[in-house]
Amino acid sequence: METGMRRVGFLSIFLGVLAIAVLPGAATAEQSTWPSKPITLVVPFAAGGTTDIAARMIARYLGPALNTQVIVENRAGANGIVGSQAAARAAADGYTLVIVAPGHASNVSLYKELPYDTVNDFEPIMLLLTQPSILVVHPSVPANSVGELVALAKSAPGVLTYASGGTGSSQHLAAAMFASMAGLDLVHVPYKGSAPAEVDLLGGQVNMMFASMVSVLPQVKQGRLRALAVSSERRSPTTPDLPTVSESGVPGYAAVAWAGLLAPKGTPGPIVERLNAQITRIMDLPEVKKRMQDLGAEFSPNSPRDFDAFICSEITRWHEVVRQAKIEQN
């Protein structure tokens, strides 16, 4: 009887050790066969915007590179929260990715509570692009430079208006930071999207806007809007003659739209690294570079750790803007 019990005990220990030894190997084997089915790329915004365009461009080239299909799934709502929540709750197996924008960082301060942890519930893969906006004014505004606009606004506090695609949107935050850094009292006029905001700007119902380079450059060339500066830290290759806000009288100002790729927390490191490497190669393709240029966007190779640090810096940046401007969602 005692000998039999010893055998049973030894067998249990042996099976336990075997299980411990087999599990890592099984995980490694699973990673080596990835991907073996389609990958879903969640876009937390409606189709047609820069983030959606970037997602579809990547999906087009990433699928063949990985010998699988990359399906773009738009899940719009609540400034990107709906789609990001779906991605955060997905299995961490490399088959669900999400492309996020500045709202991913600013939502931390805009909303009292989020259904996920912006930093700890995701694995950063890479920053895909940065895209400056252009500070434009209606031709009726007597200002031909940022300096003249600042002087005009200071001479008439609470009179000049700026449009945005909605409270908490990237256009709103860019203008709120501009007003704060320049010491201006500007009136925010939010719209349900950037398109109607730009329509009213063209009609002269509002005075100015930090607008998408792609959408307003044609209007600037036609003389329907006047461009004063770009919002990035450096001049844009798309508009090299247009100064930055920072060099035009508001030192240190920088606000860019961006798009980056995340995966659910716990996605295996080798998968994250493989995605980073493949997409870096894709972004260097001549046709992709041309498309990026058409969007007024830029790409610089970066690591998952780089992107993680970037997100944290954006959270800090926009928290201060939201606090000073007293912007609230719900």
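I begin with a definition: a residue is called buried under 20% relative accessible area, exposed over 50%, and partly exposed in between, with a 1.4 Å probe and protein chains only. This is a predicted model, in which local features need pLDDT of at least 70, side-chain atom pairs count only at pLDDT 80 or more, and totals for chains, interfaces and linings use all residues. Residues are numbered from 1 along each chain as its sequence is written, and side-chain values use heavy atoms, with hydrogens and water left out.

Helices (H or I, at least four residues) and strands (E, at least two) are DSSP runs, numbered from the N terminus.

Let us turn to the backbone. Most residues other than glycine have a negative phi, and most peptide bonds are trans. Trp34 and Pro35, however, are joined by a cis peptide bond, with omega about 0 degrees. Pro35 lies in the loop between α1 (2-32) and β1 (39-43).

Asn79 belongs to the loop between β2 (70-74) and α3 (81-88), and its relative accessibility is 26%, so Asn79 counts as partly exposed.

Lys326 also has a positive phi, near 55 degrees. Lys326 sits in the segment after α11 (304-325) and counts as exposed because its relative accessibility is 73%.

Finally, Glu273 is part of helix α9 (residues 269-283). With a relative accessible area of 48%, Glu273 is partly exposed. Its C-alpha atom is separated by 9.5 Å from that of Met126, 147 residues apart along the chain.
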